[in-house]
Amino acid sequence: MIDEQFIRNLESIVGKSHVSLTSTGVELYSYDASLVKGNPGVVVFPADTREVSQTVKAANRAGIDFLPRGFGTNLSGGTISVTEGLVICMSRFNKILKIRPDSRYAVVQPGVTNLEVQNALAGVGAFYAPDPASQKVATLGGNAGENSGGPLCLKYGVTSNHILGMEVVMADGEILRIGGAALDPPGFDLRGLMVGSEGGFAIITELTLRTLPKTESVITMLAVYDDIQSAARSVSEIISAGIVPNTLEMMDATVIEAVEANAPCGYPTDAAAVLIIEVEGMIVGLDKQAARIRKICMNTRCRDIKTAKNQEERDRLWQGRRGAFGAIARLAPNYLVNDACVPRTHLPKALEQVKNIAHQYGCRVGNVFHAGDGNLHPLLLFDSRNPEELEQVHKAGWDIMTACVELGGTISGEHGIGREKQAAMHMIFSGDDLNTQQAVKSVFDPENTLNPNKVIPLPESPGRSLPPGKPTVLKRPGGASAKGVSEAISTIKAAAASGKTIRAVGADHFGYFGNWCKGPVTPLSTLAMKEIIEYDPANQFITVGAGMSLAELQTVLGKKNQWLPIRPPYYKAGSTIGALAAMGVSGPERMIYGAPRDLAMGLQYIDGMGRVISTGGKVVKNVAGYDMTRLMIGSNGSLGVITEVTWRICTRPELCRAASGTGALNDCFNAALKLMNANLFPAFITAGPKGDSHGPFENQWEVIVGFEGLAMVVEHQVDQCRNLLGESGLTPGEPLDYDLIDGCFRNDFDMLALAPYTLKAASETEKMLDVINGIKSMATPTGWFLDVGCGRVFVALDALKPEVWASITQNIISFDGHAQLEKSPESFRREKDIYGDVTGTERGVMHKIKKALDPGALFAPGRLPKIKAANA
Amino acid sequence: MDIREEYDAISQCNKCGFCQVACPVFRSTGHESGVARGRLALMRGIIEGRIQWGRELEGPLFNCLGCGACTANCFGAVPTADLIVKGRAEYLEQVGRKPIHKLLFDGLLPYPHRLHMAARAVALGKNSGLSRMAGAIGLLRVLGRDLARAENIIEKLPAKPFRGKVKPGEYNGKGASLNIGYFVGCGIDIIQQEAGYESLNLLKKIGKTVTVLNNCCCGLPAWNYGDMDAARKLALKNSDTFAARSFDFIVTDCSSCAGFLKQYDKVFEGDAAGQNRIKSRMPKVLDMVEFLFTQKINAPKRRTPVVVTYHDPCHAVRGQGISTENREILKSIPGIEFREMPEADWCCGGAGSYALSHFDLSMAVLDRKMENLASTKADVLATSCPACMIQLSHGVRRKGLKTRVCHISEIMTGAKAH
């Protein structure tokens, strides 16, 4: 209860002037940018992590609900207290702590706005890719909480793809660090799970962002259409041509009219739709890309397309898009922005439905949206002072979500579920799916005090589970009816009944991975699950069974000139999709394409009760519910058996070509670092000892830098890169064309794999040499492979003493990195933790999740990093 | 005043929060009470009966700088600064007005002579360190409890007002035809007199006659404070002064006065008779910057290069839409390198008497301005509002910067920035 004692406690923690309790204070924090309202009991403004922690502990002691809030621009009611609880306002967390363009990361406090960090990064030639339209005012804490998108995410992905780590205050007040500058720490992907958790898992107090070097040049075009269908077709065809514009923004006739009436910026008022298309990148080739886009547009019945000749014209074109909300806003006192998503080829149908629905409820509607990723933003106009209008607009919003889900989409692309779309979660998730998500929430927040009663629909009575029923609207093909799944379910149920443990096995290529565990493990073969469940080349996704091999998948995709852009190390012919998803591994091209965590859009798995649980969906932008997909990817099968995965796929690049240079290790490394923040966009930057040298370790190394994409752009970049390598004191080698699927390094990894031990260490890029020197001083590696682009070192060892392993991991941790043994003999695995001897609450949380989702400890024993307590 | 009449305008706020990015107060406090969205929400709360009039509203209603930056960033273009003034007016009626305000707005500002006397007394007190005397007079005291700390904002008060030295009346100029009225704002009259002399010289270059008007305060302080009756009284008094003689136009070197004079009709909103009277009596009003720009006055060439940057007074950039003229003028002067300052159009935190009543907030806003100024390494910071000059000069002293603050008129005559 909020009583005087509690207020006094708060005042003693944050200071009297940072507690707001008055009736005006309550009114001021009773709203955000959504239509949800709710009075807070009290509002506090902590100054630092310690104060947040103490505040949370005080709230726990007093039994008071609490939630974090930034600048309150949330569009789904996520920052409103619906239980008259404590609002913890993070507006004083407004500092940028660190910017490291060469290692491609920045550390910020959550109250910094997106634009502030963009401005700071611009000063060092870098940028942070997610750019929500609200970037001027939306804080990064909120961006992370909601997994924000923005126009640029068509090219670069959403917030989740760009958060490397964070510091959080847990619901019990404990402070926890998750991830960091080093990529992909072992164990569950907690940072992936945390992003998009809408303030319901923990309170973010610091964020490590992935940054990228700024591009060289930009071309902005305006395409005009007489019908929306043609505009949507242009969008699909541009993308399938392998061109990835950084934005494809569409506006319909209503918006065009409003914009032109308000501040004319040259949109023809008789058009049915306009499309703003922007490509950016190297100056070379950009004109040709633009020309190709023009051709595609004209072939898809574009009336006219014009290119901005200078910055002024460019600003003018954008002015219309940026002012679109405003122009519409002036037509009525209020507007509701819906943000449902559909696979992009269904946009015309979705827009037609939006029009009908708006008509049905008598709302005026304007459409301005991210056409490239099928994310609609119908603006429904109304007057919030009129309760009837408010009700109509809510109904219209509901029907639009229904229509989009029927088209295979989702209920929210970037604004979140919060309070506003809670009930709509039933449209896309089964009761079991939702109960599983709730179980994860309960791991983080067992007392349900942190931003309670949001996201997951409320059960009939508190504490009860939701009935298991199927999603009310979405039809998910595959699932229990897919080939091999029902057999797997029987096996799992039988194992559970007889107290056995289960490990999913595909081609059984990675049996040497993980910690040793006693007792018999029943292998569960996934090889029967090799169906293509759904393949939509135009919308660039494919859903395949876990038992299909990656090689076969690439062959299937190759027929449509597509591929899954990943070349996992140590992969052999026959290694499966299931292993890829479960292990979450990636090769050096992770630098540009991302890891499985970035490419998987949804999946299904069988849990310990034999239920098929679905996560995610099949659209790129999808923030509906907690990010269970990322929890499952890389969980090494320890939460369930993955049966199918939906992947985001790409058009095959025209050309894959690598530049190389040889020289001393230091020079190689410095050249690689220079490339990290140069105006070039390599697919990978690697280095390794040069083949047959017998000289000292440091003297003969080779840097290999790959470029993939449109031929003309690749050729230009390879030239530039060779110059840069030469300027850095290296001897440039001849450019090398390599195979798209196999890449450059299959042999290198095969060589490493011959050793009994293979180690993978990741750190901040700039600290890689320290990591290398550390390993070298403690052990005697027989092979090295540096994945500089991703800050990773792959090492082969003939021998490794258990006590040395502990010092190696400790040393790497001292450089904010982490290490694991991807391969080691059973004798070693009996004794030591191959995920590195580390303590820390991060792992404790992983084990709690494991316990909640796999209470019978049925799945994949030994595949989760140990916690020290368990060791003892 | 009844803010219920503004219900439509207040409800136009969709709570998107975009005002936060531009609000200097919010950037300093991070508190929802210090930004348009919050202030509008409170007024809506009052109208819809969730909130009662009371002292709690003083902060949210009165800590607005009135700079208008929120409106410039608002999709619906909600005129928050104007709505706040109306909120203040009702606040004064509902919650109360301090007697000291009465003295200022009713007893001093309408009467240039009395104001001069008061200023003189304050000057005596201040310059001799007798700050208590200032308190006794009440001129500055009026503006709030932060006065004791705010006192250093004004470095030195001249003992005599501008119009104590240049008597109101007609002066001959070098021009052929134009009859110009020079409106002397309180800031020029009492404090920034050096700028006033240069402005007058410039006007004389162009005008056949220049009349130093015996105007009273333009009324903006009273209006901003929510004292609409006082503002109306002042507006009427001034319009009478203007109508007494036929002018081609009136020029003032205070952008705040210029902005307000141009909007006198809004002071009489809902009062048709008042509006007609104003319309029939008001000559064309020009900001000094507009005058300099349209008359194409040449400034003397600088022998040694000097770097100049510019601060946009709120009442120039948003109040009157003046943002390019001043820069064009400065860029055209040989020997001057114009260097743009980040966030040049952000409020300096002076906002008339704001610094005197909200010292900490005002200083937080000023600090941001000074950081931006320092980043330009400019020799001179020019502007066109005497109130901004006071605040900016204080900021420069506070931060120990070498930059000199001056009025654009002083640059044009070559008196400064050489």
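Reply: Two strands pair if DSSP finds at least two bridges between them. Strands (E, at least two residues) and helices (H or I, at least four) are DSSP runs, numbered from the N terminus. This is a predicted model, in which local features need pLDDT of at least 70, side-chain atom pairs count only at pLDDT 80 or more, and totals for chains, interfaces and linings use all residues. Residues are numbered from 1 along each chain as its sequence is written, chains are lettered from A and ligands numbered from 1 in the order in which they are written, and side-chain values use heavy atoms, without hydrogens and water.

Me: What makes E16(A) and strand E18 of chain A a pair?

Reply: Four bridges join E16(A) to E18 (residues 378-382) of chain A, and the definition asks for at least two. The two strands are therefore paired, and they run antiparallel. A:Leu336 has A:Leu380 in E18(A) as its bridge partner.

Me: Why are strands E15 and E16 of chain A said to stand at the edges?

Reply: The open sheet has seven strands in the order E15-E12-E14-E13-E17-E18-E16 (chain A), with antiparallel pairing. E15 (302-307) and E16 (334-337) each have a single partner strand, so one side of each is left without a neighbour in the sheet.

Me: Which residues is A:Ile849 in contact with, leaving aside its neighbours within four places in sequence?

Reply: Contact means heavy atoms within 4.5 Å. Among the residues that A:Ile849 contacts are A:Phe188, A:Phe444 and A:Leu639.

Me: Across which strands does helix H8 of chain A lie?

Reply: Helix H8 (residues 228-240) lies across E12 (217-225), E13 (247-252) and E14 (273-281) of chain A.

How values were computed: Axes are lines fitted to C-alpha atoms, for helices over the stretch in contact, and angles run from 0 to 180 degrees between N-to-C directions.
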